[in-house]
Amino acid sequence: MENNNPFCPIRRQAIPSTEELQDEGDDDPLKENDISVTPVLMKRYPGRAVFLISSECAMYCRFCNRKRIVGKGWDPGEFFEESFKYLSSDTTIREIILSGGDPFMIQPGLLDDILSRLRTMQHIRTIRISTRMPIVDPVRMTEEHFRILKKHEPLWIVFHINHPLEVTLEFLENVKKFRNAGSAMISQTVLLRNINDCENILLKLFEALVAAGVKPYYLFQLDEVRGAQHFKVRLERGIRIMKALRAKASGLAMPQYAVDITGGLGKVPVDYVYLKGRKGKKVYMENLSGVTGAYTDDGQKSRCNKCGLCK
Ligand code: SF4
């Protein structure tokens, strides 16, 4: 962070501003309280659940959509037993996302216990850990953390990273250690006004991640959380940025741009629409240079081959 530069993109993410006092938005724009099975376990989508195992973070992002619960000094551990009980009984859950707060803020031994208990549940096949600690406080990732990750491999690690300046040597060292611990790595980025709302900044970030072996997964439109609306970028601009990125970046470096619809309706992808129209069997599409061409859409009707998977 540059101390004397008010426009420093790291500083703007971390230091409060008077703009936060504008009373727009909602404390819980995604209505996470309504989908909570326990105070620390949420289930919005079929087959998946989010488990909040920490209430603390290494840095409090000024645009956080969980401002209402992170850094408030409460202990999620009080609700672990009822959450494990639910998780072992709901065999429809195939994937669990450990979040918070930051899961790496808890004692490594406790993280080990949580992962061990989840690994005993045969129906939970995939475990994701969402974290910002390897980026904002990389030296707090210890050899013990990586030993635990190795013990429970393969895990999916989701880095929350927003700017190429966050791709530090220390972060890249962590990426290597995650890889050696058998973790698969993806990233999520929040589109932030005057911080990263430019295709060149995002291209630099996404290409740096791909070069390190991290797949950019989501670019999120800002949630309508109270006190963060000065970070909001117009959707139309976000779509223009995606279009410009697609023309310059390899597919590996393209995340999915998505909006989490206010009110708890869930995430939906948004993107520039390349399909321009149809005339009979001809569909007209624009290519990445803006030239329109045709494709003959005359495939035979599909039929079910009765494999039995949909029963
Ligand atoms: S790291 Fe995530 S949970 Fe923590 S303050 Fe930042 S956005 Fe919120």
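E32 and R68 form a salt bridge, their closest N and O atoms being 3.1 Å apart; the term stands for a side-chain nitrogen of Lys or Arg within 4 Å of a carboxyl oxygen of Asp or Glu. E32 lies in the loop between α1 and β1 and R68 in the loop between β3 and α2, so the pair ties together parts that are 36 residues apart in sequence. Helices (H or I, at least four residues) and strands (E, at least two) are DSSP runs, numbered from the N terminus. E32 has a relative accessible area of 7% and is buried. Buried means under 20% relative accessible area, exposed over 50%, and partly exposed in between (1.4 Å probe, protein chains only). D28 and R66 join E32 and R68 in a network of salt bridges.

This is a predicted model, in which local features need pLDDT of at least 70 and side-chain atom pairs count only at pLDDT 80 or more, while totals for chains, interfaces and linings use all residues. Residues are numbered from 1 along each chain as its sequence is written, and side-chain values use heavy atoms, with hydrogens and water left out.

The salt-bridge count comes to 24. Another of these pairs is E20 with R62, with 2.7 Å between the closest N and O atoms. E20 sits in the loop between α1 (9–14) and β1 (36–38), and R62 in the loop between β3 (48–52) and α2 (80–89), 42 residues apart. Both E20 and R62 are buried.

K243 and E286 also meet through their side chains in a salt bridge (3.7 Å, N to O). K243 belongs to helix α8 (residues 235–248) and E286 to strand β12, so the pair ties together parts 43 residues apart in sequence. K243 is partly exposed, at 30% relative accessible area, whereas E286 counts as buried at 14%.

Strand β12 (residues 282–286) runs antiparallel to β11, joined to it by four bridges; two strands pair if DSSP finds at least two bridges between them. R278 stands opposite V283 in β12. The two strands form a hairpin with two residues between them, and G280 in the turn has a positive phi of about 60°.
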